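Please look over the model shown here.

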Amino acid sequence: MLSNYEVLAHIQDVKQKYKEEAVEQGPAATMKPGNLETVMKELVDYLSSTVAASQNPETILKLVHRLAKFPFEKVEVLMIINHQPKSETELDVLIEELDSRLSDDQISEVLEVLQGVSGAKIDSLVAEGL
Amino acid sequence: MFILTRLTDLLTIQPTSFTIPTRQALEDQINTRYANKVIHKVGLAICLYDIVKSSDGLIGSGTGNVNINVEFRLVVFRPFKGEVLTGRISNSTHQGLHIRLDFFDEIFIPKDYLFEGSQFDHNEQVWVWRTEDGDELFFDKNETVRFRVEEEEFTDNTPVDPALRDSLADADMKPPYKLIGSCYQSGLGVVAWW
């Protein structure tokens, strides 16, 4: 399983590689297959509108470490990374039976952790008056 | 949402491609063959992830093509059942909502999987959710919605012998890969509501 961020990073790598090859060998020798071009563009469009665009390996690693003490399944952690829920309702959608598995204190702790990781971005949005 | 899948395939490099490095020629071949295509029971292939191993090239007699067995990994779009995704409403009918992601269009939310109390407004051609408090919330076109994946459907569209095929028109062709979603839990639905 890959997180959205990993896929986005991989596509950007592929694009970069094609660019470098074009410099070395001339543009004609390195024409990309048309279907690849299409799917890469559409996927980048989609992923840029998600939180993946503002993530990097360090923040994801930090998030995973901090979530390790909660009783989440692997796929649940993956969904939390992909969505970065901001409220309890959003978290409740991702995690089955959230209420019975975690206490209220733990839930607010999870939300705090998520807030902390994406905090920098929210601060900048507040600064812009959004 | 995305998984890695390991595949093996026999690839052919034509003599015209001998000038470019073998690795690059193979990567192009794999991407041409799989990118943006649905693999039956696997999912929608996005692009090559990496090449695991490849055999020595063998030249077939008569053509001059080099044949290479390659083992590689692909990035594949295959959300698991129960996964929550976000997409946009592309179309509403009295049967339900059609959702699209930028790269994948075949997602359908049947009316039975919408919130209790949802009704289709024929004049406006939108679904309206009347909440218990009496509020009216609209599933407008192009609105970003969060939904849960409930089912997946693969259809094998391998061409059949024209003699055996009955008079099914091409219009009846089903998409090779289709997702059925749901939207009946608080937190799901238009993202701006929550």
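How many residue pairs in polar contact does the rule find across the interface of domain 1 of chain A and domain 2 of chain A? It finds 3, with both residues of each pair at pLDDT 80 or more. The model is a predicted one.

**Inside chain A**

Chain A splits into domain 1, residues 4-53, and domain 2, residues 55-127. On the domain 1 side, 5 residues are in contact, and they meet 8 residues of domain 2. The two domains of chain A bury about 570 Å² between them. Carbon and sulfur atoms give 50% of that area. A:N4, A:Y5 and A:V51 supply 87% of what domain 1 buries against domain 2, more than any other three residues. The salt-bridge count between these two domains is 0.

**Between chain A and chain B**

The contact between the chains draws 32 residues from chain A and 35 residues from chain B. The buried area is about 3000 Å², and carbon and sulfur atoms give 61% of it. Here A:L2, A:Y46 and A:V93 supply 22% of the area that chain A buries against chain B, more than any other three residues.

The table sets out the two interfaces.

| Interface | Buried area | Carbon and sulfur share | 
|---|---|---|
| Domain 1 and domain 2 of chain A | about 570 Å² | 50% |
| Chain A and chain B | about 3000 Å² | 61% |

Polar terms come next. Chain A and chain B share 12 residue pairs in polar contact, both residues at pLDDT 80 or more. Which elements give two or more residues to the side of chain A that touches chain B? They are helix 1 (4-25), helix 2 (34-48), helix 4 (74-83) and helix 5 (88-94) of chain A. Helix 2 of chain A gives the largest share, 9 residues.

**Salt bridges**

Over all chains, the structure holds 13 salt bridges. Across the interface of chain A and chain B the rule finds 2. Side chains of opposite charge can pair when their charged atoms come close. B:R146 forms a salt bridge with A:E90, and the closest N and O atoms are 3.4 Å apart. This pair crosses between chains: B:R146 sits in strand 12 (residues 144-154) of chain B, and A:E90 sits in helix 5 of chain A.

**Strands of chain B**

Strand 6 (residues 84-93) and strand 7 (residues 96-101) of chain B pair antiparallel over 5 bridges. B:I89 stands opposite B:I99 of strand 7. A hairpin joins strands 6 and 7 of chain B through 2 residues.

Strand 7 of chain B also pairs with strand 8 (residues 104-110) of chain B. That pairing is antiparallel and has 5 bridges. B:H98 stands opposite B:F108 in strand 8. Strands 7 and 8 of chain B form a hairpin too, with 2 residues between them.

Further along, 3 strands of chain B form an open sheet in the order 9-10-11, with antiparallel pairing. Why is one side of strand 9 and of strand 11 of chain B left without a neighbour in the sheet? Strand 9 (118-121) and strand 11 (136-139) stand at the edges, and each has a single partner strand, so one side of each stays without a neighbour. The twist averages 30° from one strand to the next. Strand 9 of chain B is joined to strand 10 (residues 126-130) of chain B by 4 bridges. B:Q119 stands opposite B:V128 in strand 10 of chain B.

Conventions
Residues numbered from 1 in each chain as written. Chains lettered and ligands numbered in written order. Predicted model: local features only at pLDDT ≥ 70, side-chain atom pairs only at ≥ 80, totals over all residues. Heavy atoms only, no water. Pairing = 2+ DSSP bridges. Axes fitted to C-alpha atoms, helices over the stretch in contact; angles between N-to-C directions. Domains from an automatic or database assignment. Contact = heavy atoms within 4.5 Å. Buried area = accessible area lost by both parts, 1.4 Å probe. Salt bridge = Lys/Arg side-chain N within 4 Å of Asp/Glu carboxyl O. Polar contact = N/O pair within 3.5 Å; in protein donor to acceptor, adjacent residues only side chain to side chain.
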